[in-house]
Amino acid sequence: MSTHIGAKPGDIAQTVLMPGDPLRAKWAAEKFLDAPRCINEVRGMFGFTGTWRGNPVTIQGSGMGMPSLSIYANELIRDYGARTLIRIGSAGAMQENVNVRDVILAMTASSVGNPSRAMLREIHYAPHADYGLLRAAHDAAMARKTPVHVGGIYSSDTFYNERPDLHEQMVRHGILAVEMEAAELYTLAARHDCRALAVLTVSDHLITGEDLPAIEREQSFGDMVEIALEAAFA
Ligand SMILES: O=P(O)(O)O[C@H]1O[C@H](CO)[C@@H](O)[C@H]1O
Ligand SMILES: O=c1cc[nH]c(=O)[nH]1
């Protein structure tokens with residue numbers, strides 16, 4: 001086991017889906033994986049391993065925010081040998097042409113800061129998705145006729161934003177949506193020669209004020225999970 005994950009060596013697959021919400025990990029594992037078994041309960045941050053179309057897959061909660069995601073992604077990569085990490089998360093839409101329940105494939109993830117920033121110092125590294133995963137996820141979404149957008153997102157450090165000017169600049173620069181983890185996931189994946197992608201479902205709209213309840217955020221995002229799985233094994 002690692003510091004924050006109780007799984008035994010070999011219990012975690014090379015392909016890991018990472019929702020922020022550990023209960024979404026449980027729901028997705030039970031709904032989409034064959035023979036899912038719980039491999040982590042430490043801190044209630046559930047992880048499950050099973051198979052999808054015969055391929056081993058782990059679905060491990062990341063918690064909310066980049067510091068939490070950084071702990072789980074680091075341990076998954078460094079201690080358990082994960083190679084493909086796909087975030088399956090909710091996001092708030094920032095553009096009028098993006099609707100609640102649409103899927104967003106994050107080509108890049110801007111941020112004000114992320115845990116790697118202290119290490120990168122003066123470098124303004126551009127966190128980006130793995131192109132092969134991105135392309136395969138887009139193909140999968142198109143085949144399913146899921147409304148999908150590909151573009152830049154904003155990984156924020158706060159859910160309760162006290163800087164409307166930050167959002168204004170993100171909107172002005174075409175950012176599709178805000179969430180809280182992808183920029184650090186992309187940076188860590190690049191550092192460790194892994195593949196990463198964030199597949200997001202729009203749970204609320206910052207312009208219209210539309211908002212999905214918590215149970216839908218936990219359990220209604222099946223398209224996103226299947227798109228992520230299809231992309232991982234394309
Ligand atoms: O639905 P998840 O994956 O948790 O993602 C989004 O939801 C949380 C905020 O409600 C943040 O983690 C944000 O990134
Ligand atoms: O971080 C997030 C996630 C969903 N919706 C938001 O507005 N922000």
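Student: At what angle do helix α1 and α8 pack?

Tutor: This is a predicted model, in which local features need pLDDT of at least 70 and side-chain atom pairs count only at pLDDT 80 or more, while totals for chains, interfaces and linings use all residues. Residues are numbered from 1 along each chain as its sequence is written, and side-chain values use heavy atoms, leaving out hydrogens and water. The axes of α1 (residues 22–32) and α8 lie 11 Å apart. Their packing angle is about 70°, which makes α1 roughly perpendicular to α8 (65 to 115 degrees).

Student: Which residues of α1 make the contact with α8?

Tutor: Contact means heavy atoms within 4.5 Å. On the α8 side, G222, M224, V225, E226 and L229 take part. From α1 come R24, W27, A28 and F32.

Student: How do the axes of α4 and α8 cross, and at roughly what angle?

Tutor: Helix α4 (residues 131–144) and helix α8 (residues 222–232) have axes that come within 8 Å. The crossing angle is roughly 130°.

Student: Is S156 buried or exposed?

Tutor: S156 sits in the loop between β7 (148–155) and α5 (164–172). Its side chain reaches the backbone oxygen of T158 at 2.8 Å. The relative accessible area of S156 is 3%, and the cut-off is under 20%, so S156 is buried.

Definitions and conventions: Chains lettered and ligands numbered in written order. Axes fitted to C-alpha atoms, helices over the stretch in contact; angles between N-to-C directions. Helix = DSSP H or I, 4+ residues; strand = E, 2+ residues; numbered from the N terminus. Buried < 20%, exposed > 50% of the residue type's maximum accessible area, 1.4 Å probe, protein only. Polar contact = N/O pair within 3.5 Å; in protein donor to acceptor, adjacent residues only side chain to side chain. Parallel < 35°, antiparallel > 145°, perpendicular 65-115°, else oblique.
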